[in-house]
Amino acid sequence: MIAQGAKDSRAVGVPGTPAGLQAMHQELGNLPWEALVKPAQQLAAEGFVLGSRQSKTIRWAQQRLSRDPRTKETWLPRGRVPLAGKTIKLPALARALAELAGGARNHFYKGAVAEDLIESTQGAIRQIDLDSYQPYWRMPLRLDYLGNPIWTMPAPSAGGVALAQNLLILQATQAQTKPSDSIERLQLIAEASRRAQVERRLFVLAPERLSNEDQKKARQRWLSPLTWLEKHPIQPGQATASSSLSKDYQASLRELEHTTHLSVIDETGMAVSCTLTLSGSFGIGRQTQTFGIFLNNSVASFSSVGTNVPAAGKRTTSSMAPTIMGGYAIPFPLSEKKEKTKNTIFILGSPGGDTIPSTLTQLILHLVDGESLERAVLAPRFHQAFVPDAIRTERFARLPKSQLHRLKSWGYHLGQSRATIGDANIASRRDGQNFALADPREGGWAAKAE
């Protein structure tokens, strides 16, 4: 399935977003569920105006979108890529959202929408799969970086695990004592990322697959910098070969890198960091026949090696890492106890597949250094992967050539640069006031709701 590009029904995983959103609403929501669904329903029915970035993503996916007549009719009118400024209407999806307004369990996972999902995947998803799907409340990963409390996404999202490993390794190696623009600090960030990426790919499993004792051991492993530094210390001025960190280097696969992230904060200080994904952009590139719901290709997020190998009923790991730094933590399952730490919080997250932990790590470093939101978001980003063994940079904001030359002389491989790395749209609250900043890399948007 992966070899064929994850383009057919075998790549579609049971959708979890409707159940997850409604579970959050039932526990934390104030407005009626129908009132929350209605704006999305109206947007689909009345249409939305494409931005330039959205038009580009359709052009990049043109070949995939043109394979299915229904999808082609909606997203490639007259066989052409719609330009920025074009209004796109999705009446079929509006009908699906009208169904969803009645409740996810009885109007998405059952009934007409469920039948459409089953028929459109040729039975790859069955009614029993939809009936058995349940969202889980999980305890966030909690760590401190230089006295700053951080809560991030736990397993089965491996992105939060990688972020925790990044920060704890950097703290243990005293990266904060190096100038922020120094080659020495850059190397520590790269080597922390290399080790954290091995952990992310090969050693993270959905908690329900583990005993309580094994879950405890897994958290201890993820929240210790010695997990990797003890056997694989970082050598100053010398690159670590990724192949020396795991025998599964050659067997590891790359993953798709398309997600959506939003950071929200309200007037009371309630904060939400939320990342959602179809896995690949536009999923398998096909919509359901009746309701026009894009089908994901999340099964392609499984791996051929490590703990993230596919099995029936299993949740795949991912790189998503919605994160909150500072402020209040709400323990899950919910309780009345709240822990107040500081009067400033940052709601962080980003798309970008395996680059997500690197983006968030570098954001956090800038913010802890005392830089402004704007400088933190606009600063150049880079990513050291486990596989391929290379540092990726971005054309949008390049690292200095002198640093790149030094890295090459230390044995680092420079991969092909990308247009951008991440899309970090941040919300923050300071002394009772809310702030937001949109990353210009992918056309993000910051707004205040009246």
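Q: Is Leu146 buried, partly exposed or exposed?
A: Leu146 is partly exposed, with a relative accessible area of 34%. Buried means under 20% relative accessible area, exposed over 50% and partly exposed in between, with a 1.4 Å probe and protein chains only. This is a predicted model, in which local features need pLDDT of at least 70, side-chain atom pairs count only at pLDDT 80 or more, and totals for chains, interfaces and linings use all residues. Residues are numbered from 1 along each chain as its sequence is written, and side-chain values use heavy atoms, leaving out hydrogens and water.

Q: What is the phi of Leu146?
A: Most residues other than glycine have a negative phi. Leu146 has a positive phi, near 55°, and is found in the loop between strand S3 (141–145) and S4. Strands (E, at least two residues) and helices (H or I, at least four) are DSSP runs, numbered from the N terminus.

Q: Is Ser279 buried or exposed?
A: Ser279 counts as buried, at 7% relative accessibility. The phi of Ser279 is also positive, near 80°, and this residue is in the loop between strand S6 (271–276) and strand S7 (323–329).

Q: Which residue does a cis peptide bond join to Pro156?
A: Most peptide bonds are trans. Here a cis bond joins Ala155 and Pro156, with omega about 15°. Pro156 lies in the loop between strand S4 (148–152) and helix H10 (158–172).

Q: Where does Pro388 lie?
A: Pro388 is in the loop between strand S9 (382–384) and strand S10 (391–393). The peptide bond from Val387 to Pro388 is cis, with omega near -5°.
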